[in-house]
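Thanks for coming. I will show one structure and then talk through parts of it in order.

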Amino acid sequence: MPCFTSMNHAETANVTAATRQFVARSSMRRLGERAIEALLFLSALSSVGITVGIVGVLLYESFSFFKHVSVIEFLTDTQWTALFADPHYGIMPLVAGTVVTSAVALLVALPLGTVIAIYLSEYASHRAREIIKPALEMLSAVPTVVFGYFALLFVTPLLQRLLPDLPGFNMLSAGIVIGIMIIPYVSSLSEDAMRAVPVQIREGSYAMGATRLQTAIRVLVPSAFSGIASAYVLGFSRAVGETMIVAVAAGTQPNLTLNPMQGAATITAYIVQVSLGDLPHGSVAYQSIFAAGLTLMLMTLVFNIAGYLLRKKFREIY
Amino acid sequence: MERNQSSRDNKTARRKFYDGTFAILGLLATFIGLITLSALMIDLATDGGSRLSWQFLLSFPSRFPEQAGILSAWVGTTLVMLVTALTAVPLGIAAGVYLEEYAPKNWLTALIEINIANLAGVPSIVYGLMALALFVYQLRLGHSILTAGLTLALLILPIVIVATREAIRAVPGSMREAAYALGATKWQMVKDHVLPYSTGGILTGVIIALSRAIGETAPLITIGALTFIAFLPDSPVKAEFPFVSFDWLTSPFTVMPIQMFNWVSRPQEEFHRNAAAAGLVLMFMTLAMNGLAIYLRYRFRKRIRW
């Protein structure tokens, strides 16, 4: 009996040691787990840091800019001659250039992209879709400066045969090429949205005797409207922010016009033009590119909010 | 009654006609995209194909178009991509893992998710503006390879995060439960099970993100990349101790798309030919990367069956 107790004691001692070791190890582990989780969390938070950085920089530098140039002059002056001896800072010509090139681009991309999306989701066979979709997505993988080359030295000469008065730098050709570039953004996202519509709804329409086209236009497009609207908004953001195509093919001369047959600088082309020169840090012209960037961000923001409201209004829930 | 019948037939015929017309229209629209892509390739090849040679790949830019080459441009692109990949890949995967496996459902997580979705719509040139003010002037990193790599890393971070999340989401919950049942901690489960299974998807996303970064021009022009560089950055590998050097990080640089832009914006046709040749090399790089990504996606999809 004593023997048994002593053994029991030894065993208990052993067990406590093991337990203590186990507890120590698991608390170390828990500490390690917490440290890793914190690290992962910080990584995720860094994406918010980017936004804070962008908004902070744009606001801070624009604030310095608006100390030299009044907001009223910025919004109402019809000339942008930031790099001249007698500088005028009226953003309107640059905004006009951006609006015209984007409008041309959207006139190309939205109809084509939507038709392609309907075609791929309703008409094309599974095999055809698997080949066509990645091939189209290659369009958005082409570096934009290559598209710029294409617009200036291929599309513009082609257009000049139809419209002999077209100048070498013009917004029409830049806009058309931007439009072709953003087709896959519009078509892929719209198609995803249409295919996400429950199959019963589609079958219901067919059971009523509707054709594929009727089903697509009267049933699928309204049901997938929220996704299609997101695709359009993303396409718009891309068109407005596109830089190299317009910098190469639309010229760098600010020009207050709504005629796409003329050349004009966009907001982004102006930023590129300034950056290529060697502007002293802190000068008004240096700050002006941040004010231009802020304008660009506000334009995309307005459209994103409009898209959000549209989506909210027309959202279909199944 | 008969009239009704015939008018209905008429309507049906018309509907079928519209339906068929639309099929043709859809096919045409699709072909417009594909034809443009081929026209672009053919245009580049006919303009620049004759300029492609070893001499072109191994020469510095020059005032004389026949002697000019893209050596400094492709070396610059490679080094910038190295910095971009080393920054964006760990950060993006970590963020993706957190959002998929760890994040509690609260307002902060929602904020991070909305933010990542919105970053996709921010024009790339705006990233350049932020990097110009923050990296170049605040942190005094200069117009260097380091600044360029970090800028592009921030630009592709959302793409890497989204790709990581999608890849992780495809791993079935039973895998996680099996790991937990054997006493694995959360990190052990993630590191030994979830990440290995999602490597294919993550890799595909990373390659696509990098192929986008290779073609980016605007943000790098904004941070003050030079367009004419007739020297190479300091070599990262040295003959004497400690054998590695990080001086190249602070070196001025140019990259492929900027070199091409420089040549396109000159009036002489000879330089346009150089631009086309540089464009061909650039297209080859991006298309090769995209092709690799598609192949990897296909292979991994085939190999893994849950």
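What follows goes from the contact between the chains to helix pairs and then to single residues.

First, the conventions. This is a predicted model, in which local features need pLDDT of at least 70 and side-chain atom pairs count only at pLDDT 80 or more, while totals for chains, interfaces and linings use all residues. Residues are numbered from 1 along each chain as its sequence is written, and chains are lettered from A and ligands numbered from 1 in the order in which they are written.

Start with the interface. Chain B puts 71 residues into the contact and chain A puts in 70 residues; two residues are in contact if their C-beta atoms, placed from the backbone, lie within 7 Å. On the side of chain B that touches chain A, the largest share is 19 residues from helix H1 of chain B, residues 2-48. Helices here are DSSP runs of H or I with at least four residues, strands are runs of E with at least two, and both are numbered from the N terminus. That side of chain B divides by class into 48 nonpolar, 18 polar and five charged residues. Nonpolar means Ala, Val, Leu, Ile, Met, Phe, Trp, Tyr, Cys and Pro, charged means Asp, Glu, Lys and Arg, and the others, Gly among them, are polar.

One residue from that helix: B:Ala29 sits in helix H1 of chain B. Is B:Ala29 buried or exposed? B:Ala29 is buried, with 21 other C-beta atoms within 10 Å. The cut-offs are 20 or more other C-beta atoms within 10 Å for buried, 12 or fewer for exposed, and partly exposed in between, with C-beta atoms placed from the backbone. Not counting residues up to four places away in sequence, B:Ala29 touches A:Leu112, A:Val115, A:Ile116 and A:Tyr119. Between the C-alpha atoms of B:Ala29 and B:Ala275, which are 246 residues apart along the chain, the separation is 30 Å.

Now the helix pairs. Two packed helices are described by the angle between their axes and the distance between the axes. In chain B, the axes of helix H5 (residues 124-138) and helix H6 (residues 145-169) come within 10 Å and cross at roughly 135 degrees. Axes are lines fitted to C-alpha atoms, for helices over the stretch in contact, and angles run from 0 to 180 degrees between N-to-C directions. H5(B) is therefore oblique to H6(B). Under 35 degrees counts as roughly parallel, over 145 as roughly antiparallel, 65 to 115 as roughly perpendicular, and the rest as oblique. The contact of H5(B) with H6(B) has seven nonpolar, four polar and no charged residues.

In the loop between H5 and H6 of chain B is B:Arg140. B:Arg140 has a phi near 55 degrees, a positive value in a residue other than glycine. Most residues other than glycine have a negative phi. B:Arg140 is exposed, with 8 other C-beta atoms within 10 Å.

Further along chain B, the axes of helix H7 (residues 173-181) and helix H8 (residues 186-215) come within 10 Å and cross at roughly 155 degrees. H7(B) and H8(B) are therefore roughly antiparallel to each other. From H7(B) the contact uses B:Met175, B:Arg176, B:Ala179 and B:Tyr180, and from H8(B) it uses B:Met189, B:His193, B:Val194 and B:Tyr197. By class that contact has six nonpolar, one polar and one charged residues.

Chain A next. The axes of helix H7 (residues 199-207) of chain A and H8(A) come within 10 Å and cross at roughly 160 degrees. H7(A) is therefore roughly antiparallel to H8(A). A:Ile201, A:Arg202, A:Ser205 and A:Tyr206 in H7(A) meet A:Thr215, A:Val219, A:Leu220 and A:Ser223 in H8(A). This contact of H7(A) with H8(A) divides into four nonpolar, three polar and one charged.

A:Leu220 is buried, with 25 other C-beta atoms within 10 Å. Leaving aside neighbours within four places in sequence, A:Leu220 is in contact with A:Met194, A:Val197, A:Arg202 and A:Thr215.

For contrast, A:Pro167 lies in the loop between helix H5 (144-162) and helix H6 (171-195) of chain A. A:Pro167 counts as exposed, with 12 C-beta neighbours inside 10 Å. Leaving aside neighbours within four places in sequence, A:Pro167 is in contact with A:Gln262 and A:Gly263.

Last, the core. The largest nonpolar core has 186 residues, and A:Val177, A:Val248 and B:Val160 touch the most other members. Such a core is a set of buried Ala, Val, Leu, Ile, Met, Phe, Trp, Tyr and Cys residues joined through C-beta atoms within 7 Å. Not counting residues up to four places away in sequence, A:Val177 touches A:Phe147, A:Phe150, A:Ala151, A:Val155 and A:Ile245.
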